[in-house]
Amino acid sequence: MLGLMAGLGIGTAAAGPAFALGECLPMPSETAGPFPANGTRTRGGLAYNALDQAGVIRSDMRTSFGGMTSVAEGVPLEMDLELVSAGADCTPLAGYAIYLWHCDAIGRYSMYDMDDNYLRAVGVAGADGKVSFTTVFPGCYPGRWPHVHFEVFETPLAAVSGAKPVLTSQWAFTEEHSQDVYSADDLYAQSANNLSRLSMRRDSIFRDNNDAQMELQTMQTSGSPKAGYTGQIRIPIKV
């Protein structure tokens, strides 16, 4: 465990985005989907688990870890998250851990579609509840709106030791910036076609939520395909 956490400055506040104040509605829970690689689901007789591999606690999701060397290609995306308690006070959840995973630019999930483990990482919130990741803009595969999966745990030890998460959910990306990315980079050519057949309202996961919940589950991004994007999202959790 010490090896996983070494060098990350866990427990210290890190610079992050300024989020608007106000009552924090709880983030809706969603399915982890078929590719969590958290040891809970088997595929082909194997129980894939990225969380028990050295190096999973990190901020740069683009590289593989634990002896693997492949790197995910795509439009750069810097993500700033804020973990807070749901309710009127929006109290920062210092020390909570969040496990993220998402598909690559082609729509593939590591550890399932190929023998790599990139685009999977655990981060730990500082005293201000904030945690950041560097990744690539995810692709759009048939039937799903562009999204990121995540699980939140009370501690980093809970995250890497098989404990039950306090929240499992997903967030989406805006149609505008998804279209911009997919039309500008050849890696995302199939994603452009897939996105044109979808809407967040028709997505099999997000469609059950109301307008306020959908807004809560949409990462706000800025930037360009050439310069890369930055994204911010607040994740209120019932504790």
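Colleague: How many salt bridges turn up in the whole structure?

Modeller: A search of the whole structure gives 5 salt bridges, and since this is a predicted model, I would like to take a few of them one by one.

Colleague: OK, what does Arg144 pair with?

Modeller: Arg144 forms a salt bridge with Asp203, with 2.8 Å between the closest N and O atoms. Arg144 sits in the loop between β6 (130-136) and β7 (147-153), while Asp203 sits in the loop between α4 (189-195) and α5 (211-216), so the pair ties together parts that are 59 residues apart in sequence.

Colleague: Where does Asp60 come in?

Modeller: Asp60 is the salt-bridge partner of Arg62, and their closest N and O atoms are 2.9 Å apart. Arg62 counts as partly exposed at 28% relative accessibility, and Asp60 is partly exposed with a relative accessible area of 25%.

Colleague: Switching to helices, which residues of α3 are buried?

Modeller: In α3, which covers residues 175-184, the buried ones include His177, Ser178, Val181 and Tyr182. These residues span an arc of only 130° around the axis, which means that they lie on the same side of α3.

Colleague: What does the face turned away from that side carry?

Modeller: That face of α3 carries the exposed residues Glu176, Ser183 and Ala184.

Colleague: So what do the buried residues pack against?

Modeller: The buried residues of α3 pack against β8 (167-173), α4, β9 (218-224) and β10 (228-237).

Colleague: Last topic, how many residues does the largest nonpolar core have?

Modeller: The largest nonpolar core has 46 residues, and Leu81, Ile98, Leu100, Trp171 and Ile235 are those with the most contacts inside it. At least two residues of this core come from each of β3 (76-85), β4 (97-101), β6, β7, β8, α3, α5 and β10.

Colleague: What does Ile98 touch, leaving out residues up to four places away in sequence?

Modeller: With those left out, the residues that Ile98 touches include Leu81, Leu83, Val131, Phe133, Phe150 and Ile235.

Note on methods:
Residues are numbered from 1 along each chain as its sequence is written. This is a predicted model: local features need pLDDT of at least 70, side-chain atom pairs count only at pLDDT 80 or more; totals for chains, interfaces and linings use all residues. Side-chain values use heavy atoms; hydrogens and water are left out. A salt bridge is a side-chain nitrogen of Lys or Arg within 4 Å of a carboxyl oxygen of Asp or Glu. Buried means under 20% relative accessible area, exposed over 50%, partly exposed in between (1.4 Å probe, protein chains only). Helices (H or I, at least four residues) and strands (E, at least two) are DSSP runs, numbered from the N terminus. The arc is that of the directions from the helix axis to the C-beta atoms. Contact means heavy atoms within 4.5 Å. A nonpolar core is a set of buried Ala, Val, Leu, Ile, Met, Phe, Trp, Tyr and Cys residues joined through side-chain atoms within 4.5 Å.
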